[in-house]
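I opened this model with a notebook beside me and a few places to look up. Here are my entries, in the order I made them.

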Amino acid sequence: MSPNSSSSPFNLRPSSSDDSPPIDLPLKPIPGNYGLPFFGPIKDRLDYFYHQGTESFFRTRMQKHQSTVFRTNMPPGPFIASNPNVITLLDAISFPILFDNSKVEKLNVLDGTYMPSTAFTGGYRVCAFLDPSEPNHALLKRFFFSLLATRHDKFIPLFRNCLSELFINLEDQLSDKGKVYFNTPSDNMSFNFVFRLFCDQNPLDTSLKSNGPKLFDKWLFFQLAPLITLGLPKLFNFLEDLLLHTFPLPAFLVKSSYKKLYKAFYVSMASILDEAERLGIKRDEACHNLVFMAGFNAYGGMKTLFPALIKWVGLAGEKLHCQLRDEIRTVVRAEGGVTLSALDKMSLTKSVVYEALRIEPPVPFQYGKAKEDLVVHSHDAAFEIRKGEMIFGYQPFATKDPKIFEDSEKFVGHRFVGEGEKLLKYVYWSNGRENDNSTVDNKQCPGKDLVVLLSRVMLVELFLRYDTFTIEAGTLLLGSSATFTSLTKATSI
Ligand code: HEM
């Protein structure tokens with residue numbers, strides 16, 4: 001029987017979601033096909049990286065099939081992924097099936113249809129690759145939650161401290177050169193914060209010196225290369241495709257970089273590793289998990305989030321800057337400082353952070369394998385998915401769904417203020433709804449609340465120091481870049 005058949009040989013159970021669509025939606029076959037074995041996936045890969053680019057890859061297929069749910073292949077395909085066939089979801093209603101762990105399996109799908117060798121992580125499958133049904137998932141995630149809880153009091157003062165160094169550095173470079181690239185100093189600041197938060201030490205005082213961010217960048221690149229294009233001239237496309245997307249890059253080439261990072265974390269985190277052992281986690285397994293959490297999840301996430309936040313707020317212009325600085329300065333004055341309760345009163349600042357996470361989610365891809373035969377709904381139709389099929393959501397389309405968000409492609413700073421808060425359930429950046437909580441039973445980011453907090457603090461620090469700023473925006477391997485062209489010092493506080 002063809003996978004596109006609409007007659008149902010099995011029980012149809014609608015996916016559970018807050019947005020239960022009418023049950024009488026027509027059951028349609030999923031449009032699209034995978035093409036010939038080997039050639040179909042290669043064609044889709046070339047379209048994705050070189051002929052169309054990511055956005056247009058999805059948009060053209062959505063238009064061709066007149067559907068936000070369709071079949072395609074996702075890169076990398078041969079010979080890295082054994083099965084690149086996916087069912088793509090591009091709307092806000094179907095997407096949350098990926099958060100339903102009773103319906104989808106999240107085993108080894110962090111990077112999509114391929115999994116990098118465990119040689120990148122000391123031979124262990126770290127937490128982010130585990131399905132919640134695996135006992136180790138809850139054990140490790142509980143360990144992360146308790147670690148974050150013990151660091152709670154450091155979040156705001158430590159991050160402000162790191163931001164202060166960042167802005168002084170940016171100002172110096174700006175006055176020297178007339179413009180200053182934000183991403184590299186932002187990465188350094190993020191690494192500095194993460195290391196100091198978890199290891200209680202300035203990385204400069206360890207064997208890493210100032211090399212931590214570069215070591216992590218190299219290690220991240222080797223794992224994510226199958227999803228990256230360097231944007232070289234056309235002439236190099238074939239070579240790049242062969243080198244990055246056809247065979248996995250060998251882990252031994254970054255072994256020494258990883259060892260340096262592992263060693264620095266291992267010696268600085270002795271008491272945390274003692275605690276892990278008490279919880280029943282092997283010392284080295286705990287440390288490999290911590291390095292991954294700090295380097296891939298936290299540092300990797302901040303690497304894309306902070307430049308995107310600065311980019312969108314910068315491009316929004318002086319009117320929004322004026323409203324933000326008024327709100328921030330008024331609340332800080334009234335509350336006597338930058339406290340949790342002060343941050344909670346800044347409704348525009350909070351909304352701006354959610355809007356940046358909506359319009360450019362830092363991790364745009366989510367995958368999950370159907371655990372059973374199921375039905376997924378879009379706005380206007382229902383589709384059968386078979387057990388074992390890979391479901392894939394391209395998040396920027398789901399969080400810019402025009403049927404949910406007015407002016408969905410526009411950055412609207414006050415979108416989530418007041419009544420707008422009701423739309424937070426359609427903000428999915430953390431691999432879950434913004435109004436849901438990360439737990440040991442789901443795959444939502446345990447750093448979710450911390451990430452939102454840090455983003456607010458970044459805006460607060462920015463608008464306590466400056467009245468307005470201008471930037472030039474660009475794109476990078478995975479994400480956005482921002483270059484400050486001016487920073488206008490605060491005239492009143
Ligand atoms: C801007 C920063 C961050 C972003 C954008 C981000 C994003 C995400 C996303 C999208 C996932 C789900 C991945 C998936 O399964 O598809 C995730 C998982 C995870 N994140 Fe974060 N994260 C960030 C910061 C952090 C921080 C600070 C921590 C520190 C605790 C953290 C720890 C984790 C862990 C351990 C997982 C795996 C969760 C699980 O397996 O249940 N992340 N993160």
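Predicted model: local features only at pLDDT ≥ 70, side-chain atom pairs only at ≥ 80, totals over all residues.

**Entry 1: the ligand shell**

I looked up which helix gives the most to the shell around the ligand, and helix 10 does, with 6 residues. Helix 10 spans 283-316, and I noted that helix 3 (135-151) and helix 15 also supply at least two residues each. The shell holds 24 residues, and I wrote down the closest: N297, G301, N431, C445 and G447. Sorted by class, I have 15 nonpolar, 6 polar and 3 charged residues around the ligand.

**Entry 2: C445**

I picked C445 from the closest residues and checked its record. An unreviewed UniProt entry annotates C445 as "binding site". I found C445 in the loop between helix 14 (395-398) and helix 15 (448-465).

Is C445 buried, exposed or partly exposed? I took 20 or more other C-beta atoms within 10 Å as the cut-off for buried. C445 has 19 such neighbours, so I put it down as partly exposed. Leaving out residues up to four places away in sequence, I see C445 touching S430, N431 and S438.

**Entry 3: helix 9**

Next I went to helix 9 (residues 270-279), where I found I272, L273 and A276 buried. Why do they sit on the same side of helix 9? They cover an arc of only 95 degrees around the axis, which puts them on one side together.

**Entry 4: G368 and its sheet**

I located G368 in strand 6 (residues 365-370). I call G368 buried because 23 other C-beta atoms lie within 10 Å. Setting aside neighbours within four places in sequence, I see G368 in contact with L98, V104, E105, K106, V109 and I391. I also checked G368 against F99: they are 269 residues apart along the chain, yet their C-alpha atoms are separated by 8.6 Å.

Stepping back to the sheet, I traced 5 strands in the order 2-3-9-6-4, open and with mixed pairing. Strand 2 (69-73) and strand 4 (104-105) stand at the edges with a single partner strand each, so one side of each has no neighbour in the sheet. I followed strand 4 to strand 6, and they pair in the antiparallel sense over 2 bridges. For V104, I found A370 in strand 6 as the bridge partner.

**Entry 5: a hairpin**

Last, I looked at strand 10 (residues 466-476) and strand 11 (residues 479-489), which pair in the antiparallel sense over 10 bridges. A hairpin of 2 residues joins them, and I noted E472 opposite T483 in strand 11.

Terms used:
Residues numbered from 1 in each chain as written. UniProt positions renumbered as here; feature names shortened; annotations may be inferred. Helix = DSSP H or I, 4+ residues; strand = E, 2+ residues; numbered from the N terminus. Buried ≥ 20, exposed ≤ 12 C-beta atoms within 10 Å, placed from the backbone. Contact = placed C-beta atoms within 7 Å. Near = placed C-beta within 6 Å. Nonpolar A, V, L, I, M, F, W, Y, C, P; charged D, E, K, R; others polar. Pairing = 2+ DSSP bridges. Arc of directions from axis to C-beta.
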